[in-house]
Amino acid sequence: MKRVLLILAVIAGVFSASARDNYSHDVNILPAAAKADLKKNFKAQVSHIKIDKEWGRISEYDVVLTDGSEITYDRSGNWKDVEMSRNRAVPAAYIPAAIASFVNQNQKKAVITGIEKNKSGYEVELSNGIDMKFNSAGKFLRYDN
(Lines give C-alpha, C1' and ligand atoms only; values in the text may rest on other atoms or scores of the structure.)
Protein backbone atom coordinates (compact mmCIF):
# COMPACT_ATOMS: atom_id res chain seq x y z
CA MET A 1 0.00 0.00 0.00
CA LYS A 2 2.84 2.38 0.83
CA ARG A 3 4.38 1.67 -2.55
CA VAL A 4 1.14 2.61 -4.34
CA LEU A 5 0.87 5.85 -2.35
CA LEU A 6 4.49 6.67 -3.10
CA ILE A 7 3.96 6.10 -6.83
CA LEU A 8 0.83 8.28 -6.78
CA ALA A 9 2.72 11.02 -4.94
CA VAL A 10 5.53 10.92 -7.50
CA ILE A 11 3.05 11.10 -10.39
CA ALA A 12 1.23 14.02 -8.76
CA GLY A 13 4.55 15.80 -8.25
CA VAL A 14 5.52 15.34 -11.89
CA PHE A 15 2.19 16.74 -13.12
CA SER A 16 2.28 19.72 -10.77
CA ALA A 17 5.87 20.51 -11.75
CA SER A 18 5.06 20.31 -15.44
CA ALA A 19 2.04 22.60 -14.98
CA ARG A 20 4.20 25.48 -13.74
CA ASP A 21 4.70 28.42 -16.02
CA ASN A 22 8.21 29.07 -17.29
CA TYR A 23 9.89 32.35 -18.13
CA SER A 24 12.49 33.11 -20.76
CA HIS A 25 14.29 36.02 -22.39
CA ASP A 26 15.06 34.03 -25.53
CA VAL A 27 12.85 35.00 -28.47
CA ASN A 28 13.88 31.79 -30.24
CA ILE A 29 11.53 29.75 -28.04
CA LEU A 30 8.57 31.36 -29.83
CA PRO A 31 6.93 29.75 -32.86
CA ALA A 32 8.14 31.18 -36.19
CA ALA A 33 4.85 33.03 -36.78
CA ALA A 34 5.13 34.89 -33.45
CA LYS A 35 8.78 35.83 -34.07
CA ALA A 36 7.91 37.19 -37.52
CA ASP A 37 4.94 39.11 -36.11
CA LEU A 38 7.04 40.76 -33.40
CA LYS A 39 9.75 41.74 -35.87
CA LYS A 40 7.22 43.21 -38.31
CA ASN A 41 4.97 45.14 -35.90
CA PHE A 42 7.04 46.23 -32.89
CA LYS A 43 10.20 48.29 -32.44
CA ALA A 44 10.72 47.50 -28.74
CA GLN A 45 12.75 44.47 -27.71
CA VAL A 46 11.40 41.49 -25.80
CA SER A 47 11.79 41.90 -22.04
CA HIS A 48 10.59 38.42 -21.13
CA ILE A 49 8.27 35.65 -22.24
CA LYS A 50 5.95 33.73 -19.94
CA ILE A 51 5.19 30.27 -21.25
CA ASP A 52 1.77 29.13 -20.01
CA LYS A 53 1.21 25.39 -19.81
CA GLU A 54 -1.89 23.29 -19.35
CA TRP A 55 -1.48 19.60 -18.60
CA GLY A 56 2.19 19.80 -19.48
CA ARG A 57 1.58 21.30 -22.95
CA ILE A 58 2.27 24.86 -23.96
CA SER A 59 -1.04 26.70 -24.24
CA GLU A 60 0.20 30.23 -24.92
CA TYR A 61 3.09 32.65 -24.81
CA ASP A 62 2.75 35.99 -23.02
CA VAL A 63 5.38 38.33 -24.46
CA VAL A 64 6.27 41.51 -22.56
CA LEU A 65 8.25 44.16 -24.44
CA THR A 66 10.72 46.63 -22.94
CA ASP A 67 8.23 49.48 -23.47
CA GLY A 68 5.62 47.66 -21.34
CA SER A 69 3.43 46.43 -24.20
CA GLU A 70 2.15 42.85 -24.01
CA ILE A 71 1.24 40.41 -26.78
CA THR A 72 -0.26 36.97 -26.22
CA TYR A 73 0.22 34.21 -28.80
CA ASP A 74 -1.31 30.75 -28.93
CA ARG A 75 0.91 27.67 -29.14
CA SER A 76 1.08 28.03 -32.96
CA GLY A 77 2.18 31.67 -32.84
CA ASN A 78 -1.16 33.31 -33.72
CA TRP A 79 -1.85 36.49 -31.77
CA LYS A 80 -4.70 36.46 -29.28
CA ASP A 81 -4.33 39.72 -27.40
CA VAL A 82 -2.38 42.98 -27.75
CA GLU A 83 -2.14 45.53 -24.94
CA MET A 84 -0.09 48.66 -25.56
CA SER A 85 1.56 50.77 -22.89
CA ARG A 86 1.03 54.45 -22.11
CA ASN A 87 -2.03 55.03 -24.33
CA ARG A 88 -0.08 54.06 -27.44
CA ALA A 89 -2.08 52.76 -30.39
CA VAL A 90 -2.18 49.09 -31.30
CA PRO A 91 -0.40 48.56 -34.65
CA ALA A 92 -2.87 48.74 -37.54
CA ALA A 93 -2.03 45.18 -38.63
CA TYR A 94 -4.08 43.82 -35.71
CA ILE A 95 -7.20 45.88 -36.28
CA PRO A 96 -9.76 44.73 -38.85
CA ALA A 97 -10.75 47.56 -41.23
CA ALA A 98 -14.39 47.55 -40.07
CA ILE A 99 -13.35 48.06 -36.45
CA ALA A 100 -10.87 50.82 -37.32
CA SER A 101 -13.53 52.59 -39.36
CA PHE A 102 -16.15 52.35 -36.61
CA VAL A 103 -13.76 53.69 -33.96
CA ASN A 104 -12.58 56.53 -36.25
CA GLN A 105 -16.19 57.59 -36.90
CA ASN A 106 -17.57 57.22 -33.38
CA GLN A 107 -14.62 57.88 -31.06
CA LYS A 108 -12.61 60.45 -33.01
CA LYS A 109 -10.28 61.50 -30.18
CA ALA A 110 -9.50 57.96 -28.98
CA VAL A 111 -7.02 55.36 -30.16
CA ILE A 112 -7.23 51.60 -29.76
CA THR A 113 -4.85 50.65 -26.95
CA GLY A 114 -5.87 47.01 -26.65
CA ILE A 115 -7.51 44.34 -28.77
CA GLU A 116 -8.37 40.74 -27.97
CA LYS A 117 -9.44 38.16 -30.54
CA ASN A 118 -11.60 35.25 -29.38
CA LYS A 119 -14.12 32.80 -30.82
CA SER A 120 -17.02 35.23 -30.65
CA GLY A 121 -15.18 38.24 -32.09
CA TYR A 122 -13.09 41.11 -30.78
CA GLU A 123 -12.89 43.11 -27.58
CA VAL A 124 -11.37 46.57 -27.99
CA GLU A 125 -10.05 48.99 -25.36
CA LEU A 126 -9.77 52.69 -26.18
CA SER A 127 -7.47 55.36 -24.76
CA ASN A 128 -10.50 57.17 -23.30
CA GLY A 129 -11.38 54.15 -21.13
CA ILE A 130 -14.24 52.87 -23.29
CA ASP A 131 -14.44 49.15 -24.04
CA MET A 132 -16.26 47.84 -27.10
CA LYS A 133 -17.27 44.45 -28.48
CA PHE A 134 -17.38 43.46 -32.14
CA ASN A 135 -18.36 40.22 -33.84
CA SER A 136 -15.85 38.18 -35.84
CA ALA A 137 -16.67 40.17 -39.01
CA GLY A 138 -15.86 43.45 -37.22
CA LYS A 139 -19.48 44.58 -36.79
CA PHE A 140 -20.07 46.65 -33.66
CA LEU A 141 -22.12 44.82 -31.02
CA ARG A 142 -22.06 46.97 -27.88
CA TYR A 143 -20.14 49.12 -25.46
CA ASP A 144 -18.86 47.11 -22.54
CA ASN A 145 -18.12 47.90 -18.91
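Me: What should I know about the model before using any values?
Reply: It is a predicted model, in which local features need pLDDT of at least 70 and side-chain atom pairs count only at pLDDT 80 or more, while totals for chains, interfaces and linings use all residues. Residues are numbered from 1 along each chain as its sequence is written, and side-chain values use heavy atoms, with hydrogens and water left out.

Me: How many helices and strands does the protein have, and in what order do the elements run?
Reply: The protein has three helices and nine strands. From the N terminus on, the order is α-β-α-β-β-β-β-α-β-β-β-β. Helices (H or I, at least four residues) and strands (E, at least two) are DSSP runs, numbered from the N terminus.

Me: What share of the residues is buried?
Reply: Buried residues make up 35% of the 145 residues. Buried means under 20% relative accessible area, exposed over 50%, and partly exposed in between (1.4 Å probe, protein chains only).

Me: And the accessible surface of the protein?
Reply: The accessible surface comes to about 9200 Å², of which 53% belongs to carbon and sulfur atoms. Accessible areas come from the Shrake-Rupley method with a 1.4 Å probe; for residues, only the protein chains shown count as cover.

Me: Which members of the largest nonpolar core touch the most other members?
Reply: L38, Y73, V82 and I115 do, out of 29 residues in that core. A nonpolar core is a set of buried Ala, Val, Leu, Ile, Met, Phe, Trp, Tyr and Cys residues joined through side-chain atoms within 4.5 Å.

Me: What does L38 touch?
Reply: Leaving out residues up to four places away in sequence, L38 touches L30, V46, V63, L65, I71 and Y73. Contact means heavy atoms within 4.5 Å.

Me: Which residues of α2 are buried?
Reply: The buried residues of α2 are A34, D37, L38 and N41. They cover an arc of only 95° around the axis, which puts them on the same side of α2. The arc is that of the directions from the helix axis to the C-beta atoms.

Me: What do the buried residues of α2 pack against, and what is on the face turned away?
Reply: They pack against β2 (46–54), β3 and β4. The face turned away from the buried side carries the exposed residues A32, K39 and K40.

Me: What surrounds D37?
Reply: D37 is placed in helix α2 (residues 32–41). D37 touches F42, Y73 and Y94, not counting residues up to four places away in sequence.

Me: Turning to α3, which residues are buried and which are exposed?
Reply: In α3 (residues 97–106), I99, F102 and V103 are buried. They cover an arc of only 95° around the axis, which puts them on the same side of α3. A97, N104 and Q105 are exposed on the other side. The cover over the buried residues of α3 includes β6 (112–118), β7 (121–126), β8 (131–135) and β9 (140–144).

Me: How many salt bridges are there in the whole structure?
Reply: There are five. One of them is between D67 and R88, at 2.3 Å from N to O. D67 lies in the loop between β3 (57–65) and β4 (70–74) and R88 in the loop between β5 (79–83) and α3, so the pair ties together parts that are 21 residues apart in sequence.

Me: Which residues does K133 pair with?
Reply: K133 forms a salt bridge with E123, the closest N and O atoms being 3.2 Å apart. E123 is in strand β7 and K133 in strand β8, 10 residues apart. K133 also meets D144 in a salt bridge (3.8 Å, N to O).

Methods
A salt bridge is a side-chain nitrogen of Lys or Arg within 4 Å of a carboxyl oxygen of Asp or Glu.
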